[in-house]
Amino acid sequence: MSNFNALPGFRDFFPDDLAVRTHVMRAWRDVARRYGFHEYDGPPLEPLELYTEKSGPEIVQQLYNFTDKGGREITLRPEMTPTLARMAGARAGGFRKPMKWFSVPQLFRYERQQRGRLREHFQLNFDIIGEEDVAADAELLAAAIDILRTLGLTAQDFVARVSDRRLLRALLLDAGVPEDQLTLAYNIVDKLERETPEAIAARLTGEAGVPAGVAAAVLAIFQHTDFAAVTQEYGGRPGIAPELERMERCFGFLRDMGLSDFVRFDLTVVRGLAYYTGIVFELFDTRGELRAICGGGRYDDLLKRIAGVDLPALGFGMGDVVLTELLRDRKLLPDPKPVLDFYLAAAGPEQRGAVLAMAHRLRDAGHSVEYSFVEAGRNRQFKNASALNARRVAWLGPDEAAAGEVLVRDTGSGEERRIPLAELARP
C-alpha cells in the first residue's frame, strides 16, 4: 500500500488547522466590511503572459507553469494583482470610482521553503482603483494596521514601515544617479538591511556605474532615519519638496486616525517589484524574527500596461503563513477545539425518537447538536459530551420522557434543571 504525503511546501488543513485559518480569514473579512471593500475572485489558472508582461521572463522559474491540452502556456496564479488589473480593466467603465475590492485567493510559487514561506499560501488582497489622492494611501495602510489590531496585535508587536518611490526617485536623482539607472539603484538599495554599506557602495559603482561620490551621496540619504531629518536636509532642494509634502499629508491622515504609533518612515522600504510608483509600505514584527507580514503600495501604471485602462491604483497583500506564525508566537491563536451547544443523551432505544425530534428542533433554532448514533450507557454518553466540549447535556430518561421533560446540565457550572421538551429550543 502506498503512503502518500502532501507535496513539499503544501499543507493539509486538519480541523484544528482549518479553525486557525478560519479565524484569520474572519478578521480579514470583518475589516474589509468595515472599510467598505467588496469581495471578488478570479480563476486559479491564468495565461503565463499575464505575469511575464508585468514581471519579466525571469519570473517563470518561480511558477507552476505548463502547456495545457489546447497548447496554451498557462500557470497557477502566483499573485492576484495582474488578475485584478485584467478584471478591472475589462469593466472599469461600469463601476463607481474609487473601486474598493478585496480577495482571498490561494496562490502558488515554486520557491525554496523556509520559515514563513511555503509553495502555496492564502493571501488577503486589498486594492483601491481610480483614486490618486494620498488619502487613499492612508486608508489602505490603516486597513492593514486594523487587521492586525483586530487579531489582538499591538504597536509593541508590529510596525508599518513606509516610504515613497517618488520621493526616493527625487532623492536619488539629486544625489546624481542617472535616470536610466534608477531601477537598478532601487534594487541595490533594497538590500541595505541585508548587506553592508560598503557592499552597497561597491554595487552602486560596479553595477549601476555611478562614481564613488554619487554612491556616498546615496548612502548618506539612508543615514536619516526619520521624516523630520530628511525634510530638514533635503526639503529645500528642487523637485523634492512636493514629494515630502505628499508624505506629510499621508502621515497627517494616519495621525488623525490615531494610528501614528504603528507607523515609521523608512526610506529603505523600496518593494522590489518594478510596478510600484508611489507610497510603499511593509508591516514587520517588532522583534525582527519573521518575514514581512504584509506589503503593498501604489501602482498607478499597471492597469494601463495590462488592460489598457489608465486608472490610478494601489493595494497590498497579506499572507496567512507569516501572520499565523506571529499570532502563534504572541499566543493569540484561539483554542481550535470546537464548542458544541448541546449533547443529547438518552437512557435507551425507547427515547430515540424523542432525541431525534429534539435534535432537529434545536438545529432549526440555530444550535449545534450531537448525540450517539448507537445505543450507549449514560457514562459513555456523558464522556462523549465532554470530549465534544458540549456546553450543555440534555438527558432524557424514562421518568423525564413520561413527564414530557428533559434534564439539562450546564457543564461549566454543573447546574441542572428540568425543562419541558417543548421549551428546550426556545432562546
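Student: In which loop is Pro98 found, and is the peptide bond from Lys97 to Pro98 cis or trans?
Tutor: Happy to start there, keeping in mind that this is a predicted model. Pro98 sits in the loop between α3 (81–91) and β5 (99–103). Most peptide bonds are trans. Going from Lys97 to Pro98, though, omega is near -5°, and the bond is cis.

Student: Which loop holds Lys331, and is that residue buried or exposed?
Tutor: Lys331 belongs to the loop between α12 (320–329) and β13 (340–346). Its phi is near 55°, a positive value in a residue other than glycine, while most residues of that kind have a negative phi. Exposed means over 50% relative accessible area. Because Lys331 has a relative accessible area of 74%, it counts as exposed.

Student: What is the phi of Asn389?
Tutor: Asn389 lies in the loop between α14 (378–387) and β15 (390–396). With a relative accessible area of 27%, Asn389 is partly exposed. Although Asn389 is not a glycine, its phi is positive, at about 60°.

Student: How many residues apart are Asp133 and Arg249, the pair that links distant parts of the chain?
Tutor: These two form a salt bridge, with their closest N and O atoms 3.3 Å apart. Asp133 is partly exposed at 27% relative accessibility, and Arg249 is partly exposed at 39%. Asp133 is in the loop between β7 (120–129) and α4 (134–150), whereas Arg249 is in helix α10 (residues 241–256), and the two are 116 residues apart.

Student: Which residue meets Arg255 in a salt bridge?
Tutor: Side chains of opposite charge can pair when their charged atoms come close. Arg255 is partly exposed, with a relative accessible area of 45%. The N to O distance is 2.7 Å, and the partner is Glu248.

Student: Which residues form a negative surface patch?
Tutor: One member, Asp12, is placed in the segment before α1 (15–34). The patch is formed by Asp12, Asp16, Asp17 and Asp335.

Note on methods. Residues numbered from 1 in each chain as written. Predicted model: local features only at pLDDT ≥ 70, side-chain atom pairs only at ≥ 80, totals over all residues. Heavy atoms only, no water. Patch = residues over 30% accessible without salt bridge, like charges linked within 9 Å, V, L, I, M, F, W, Y side chains within 5 Å. Areas by Shrake-Rupley, 256 points an atom, 1.4 Å probe, with all protein chains shown as cover. Salt bridge = Lys/Arg side-chain N within 4 Å of Asp/Glu carboxyl O. Lys, Arg positive; Asp, Glu negative; His and termini not counted. Charge placed at Lys NZ, Arg CZ, Asp CG, Glu CD. Helix = DSSP H or I, 4+ residues; strand = E, 2+ residues; numbered from the N terminus. Buried < 20%, exposed > 50% of the residue type's maximum accessible area, 1.4 Å probe, protein only.
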